[in-house]
Amino acid sequence: MKCLLIASESAEMLFYWTDLEFQQNIQKQYGFPAFEDSISTLFAPIIISFSTMVTEADSYTSFTTENNHIYVLHQFDECLYIAVNGDGEEKEEDLRRKIYVMNKMIEVLFGMVTLSGNLLRKELRARDTEQRLRLWKHLQSLLETYSHLRENDQSFLVEAVERLIHPTLCEQCIEFLERRLVQQINSSVERGGEEVLHAFILVHTKLLAFYSSRNASILSTSDLLALIIMAQNMYPSNVDVDDPSPEVQSGDMFILSFCALLCRACSLSFVSLFFTSPEKPVRGSTPVFEFVDPDIQMAEDSLSTLEVYPPDPATPHKVFLEVSQKDGLYPMMPHSMYCLKLWPGITLVLLTKFPHSGVAMSVYTFWEAFAKLEKRLNEGQGGSTRGQPMHEVRSKLDKFLKTLSSQLQNVWTEFKNRAFSRGGPGFSRDLILWCKNMKTQLCGIYRQCFLSDSGPDDTPRHLSPGLRERAQTMVQEQLMDWKDFLLVKSKRNITMVSYPLSDFPGLVHFICVDRSSGQMIAPSLSITERTTSELGKGPVAQYIKNKMWSLVSTTRHYLQKGYSTLTLRDGDFYFCYFLWFENETGFKLEAKDIPIMPDDSAPIGMLAQNYYRKLLRYYSKNHPGETVKCYELLTVHLGVIPTEIILQHCRQLASKLWEPSRNPLL
């Protein structure tokens with residue numbers, strides 16, 4: 001019984017997703033031929049009630065019905081998001097997180113258009129029915145992909161990126177991306193005016209190698225996680241199907257690595273060396289990918305994900321990502337995303353810079369100026385705005401508009417007459433409406449330039465299909481001898497064997513996160529029909545997995561209340577959580593009270609809202625001139641271990657995990 005929808009202030013449905021049980025229940029209750037009519041009838045009173053109470057400054061963010069259905073509501077600009085759960089599997093925090101993640105994915109797909117409710121409505125509810133249903137299907141699939149990763153992948157549980165730990169191979173791949181792949185693409189005449197800024201290789205959801213060009217901005221953890229969701233949505237990982245062979249177990253990791261090196265030295269095929277046997281056919285070099293064994297019956301509510309076939313790699317995706325420059329931060333700047341499948345479970349992602357992307361920065365700068373002015377006017381500070389900043393905006397915007405012909409020029413002329421002319425009202429509250437009009441027109445220019453199929457000068461702006469195919473082949477040749485090893489390594493990235501019993505007696509599991517870099521380390525905890533964790537795949541392994549998910553939820557609750565340390569005993573196990581700060585030399589900084597947040601605040605994490613960036617900024621105020629880093633550690637011990645030993649383990653583990661000799665690329 002799950003549902004998420006987006007509606008306008010007038011109760012118009014802009015998007016919805018439901019599971020099968022919710023859909024059947026609503027159809028049974030209302031019985032309209034079209035399901036959209038049924039769901040609109042159900043939610044219209046709630047939407048109107050919420051809008052009315054917001055107007056009266058007496059809004060609410062959640063409620064529970066008599067039948068224990070939880071409703072969580074949040075308004076982003078002019079769009080109202082509502083998430084519902086009626087089966088008890090999701091709490092209020094989970095629903096709020098789902099809302100924020102959905103909003104994040106829409107920002108990545110539509111950029112600054114999300115800042116105008118009217119323009120976003122045109123995108124989400126296109127007049128063309130087929131186009132609208134195709135978009136809704138895509139958004140539904142993204143939501144289901146995120147939910148699956150959130151329930152099964154530790155990196156999405158804690159919202160941090162996990163790297164494959166193999167320093168030698170990682171360094172070789174980064175060097176290859178820099179000196180061969182990116183260099184050849186950016187020097188090609190077939191690049192259509194685009195420039196590769198970032199290139200990275202994913203093995204399932206784990207990062208094998210990441211390269212950014214010198215003139216590229218840092219790719220934020222939030223954007224990288226969103227891109228991984230999109231890559232997984234295009235080419236879903238099926239652990240059982242992607243498994244290179246049932247014979248390959250964790251004990252064979254050394255053999256696999258040795259064979260890969262031997263093959264490279266002898267120019268042999270790794271697959272033929274390791275997997276040739278009389279009983280089994282040799283895998284060919286051309287990968288064949290099957291989504292799922294036809295005998296496997298999938299639940300109806302997840303079937304829709306499998307019906308969304310991976311897009312043609314020849315089709316780039318427009319994504320809008322954060323760019324950091326010396327003069328400030330620019331959110332939602334246009335990029336092209338090329339997601340090229342190398343083999344099942346292994347993907348190459350290229351992010352390119354749009355031609356004329358400077359236009360997007362100018363548009364955002366002007367939009368931000370009018371947003372700030374509108375805020376000051378609403379606060380009654382109109383008199384203080386007739387200063388140099390708005391005169392600078394006037395001069396720059398006049399120059400900017402000389403290259404464009406649009407309705408924006410008419411609105412800007414009217415704004416200037418009111419704000420700057422001697423006979424006009426000046427910077428008073430009368431300008432608030434015109435500030436809104438200017439923001440809408442700027443978003444319209446952005447939409448025209450970057451959401452249409454061609455740029456401002458109507459020139460093609462994509463890497464050619466031939467160039468993409470050559471890039472794909474180059475990486476396949478580079479990784480051919482490693483691909484089976486990588487698929488196995490992705491399931492056993494770090495094992496508890498690396499942390500011997502003699503050093504950490506009673507340690508069952510841990511997750512450590514570097515919140516400054518947005519990266520995490522944890523022993524593998526994958527439980528499927530064909531793969532198991534070191535705890536096996538019975539009730540103990542499932543119990544630990546469930547407890548880790550519950551522990552993360554509990555720690556976020558207490559972190560929201562201002563607690564940075566948590567220890568608790570649950571049956572036969574002892575759980576610990578620590579958050580602390582260090583300077584760049586590794587010296588632990590003095591603890592400081594963490595801000596207490598209201599219950600309905602944005603969820604703690606790095607995907608939808610980067611809580612830790614704000615926390616680092618808050619803590620760094622007392623350490624000017626220093627680079628402050630933030631870490632988190634979660635551990636599970638056997639309950640028989642004395643508390644003082646457990647705390648000693650946590651200190652030792654925290655110092656050992658980030659040793660340069662152990663993980664040089666982290």
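Biologist: Which residues touch the most other members in the largest nonpolar core?
Modeller: In this predicted model, that core holds 122 residues, and Phe 43, Ile 82, Met 230, Met 337, Phe 370 and Phe 415 touch the most other members.

Biologist: Let's take Phe 415. What is it in contact with, leaving aside neighbours within four places in sequence?
Modeller: Phe 415 is in contact with Phe 370, Leu 373, Met 390, Phe 420, Leu 431, Trp 434, Cys 435 and Met 438.

Biologist: And which other core lies apart from the largest one?
Modeller: There's another core of 35 residues, and its members include Leu 157, Trp 549, Phe 573 and Ile 604.

Biologist: Back to Phe 415 for a moment. Which residues of helix 15 are buried?
Modeller: Phe 415 is one of them, along with Leu 408, Val 411, Trp 412, Lys 416 and Ala 419.

Biologist: Where do they sit around the axis of helix 15?
Modeller: On the same side of helix 15, because they cover an arc of only 140° around the axis. In general, an α-helix has 3.6 residues a turn, so residues three or four places apart point the same way.

Biologist: How far does helix 15 reach from its first C-alpha to its last?
Modeller: Helix 15 runs over residues 407-419, 13 residues in total, and reaches 19 Å, close to the 18 Å expected at 1.5 Å a residue.

Biologist: New topic: strands 14 and 15. How many bridges join them?
Modeller: Six, and the two strands run antiparallel, with strand 14 at residues 565-570 and strand 15 at residues 573-583. Arg 569 stands opposite Tyr 574 in strand 15.

Biologist: What's in the turn of that hairpin?
Modeller: Two residues lie between the strands, and Gly 571 in the turn has a positive phi of about 65°.

Biologist: OK, what about Ala 11, what's its phi?
Modeller: Ala 11 has a positive phi of about 70° although it is not a glycine. Ala 11 sits in the loop between strand 1 (2-8) and strand 2 (13-18).

Biologist: Is Ala 11 buried or exposed?
Modeller: Ala 11 counts as buried, at 19% relative accessibility, because the cut-off for buried is under 20%.

Biologist: And His 204, where is that?
Modeller: In the loop between strand 7 (195-203) and strand 8 (206-212). His 204 has a positive phi of about 55°, and it is not a glycine either. At 9% relative accessibility, His 204 counts as buried.

Biologist: Last one: what's the average pLDDT of the chain?
Modeller: The protein chain averages 83, and 82% of the residues score at least 70. Over residues 246-311 the pLDDT is below 50, though this stretch has 92 contacts in the model beyond near neighbours in sequence. Residues 383-387 are also below 50, with eight such contacts. Where pLDDT is low, the predicted coordinates should not be read in detail.

Conventions
Residues numbered from 1 in each chain as written. Predicted model: local features only at pLDDT ≥ 70, side-chain atom pairs only at ≥ 80, totals over all residues. Heavy atoms only, no water. pLDDT = per-residue confidence, 0-100. Contact = heavy atoms within 4.5 Å. Pairing = 2+ DSSP bridges. Helix = DSSP H or I, 4+ residues; strand = E, 2+ residues; numbered from the N terminus. Expected span 1.5 Å × (residues − 1). Buried < 20%, exposed > 50% of the residue type's maximum accessible area, 1.4 Å probe, protein only. Arc of directions from axis to C-beta. Core = buried A, V, L, I, M, F, W, Y, C linked by side-chain atoms within 4.5 Å.
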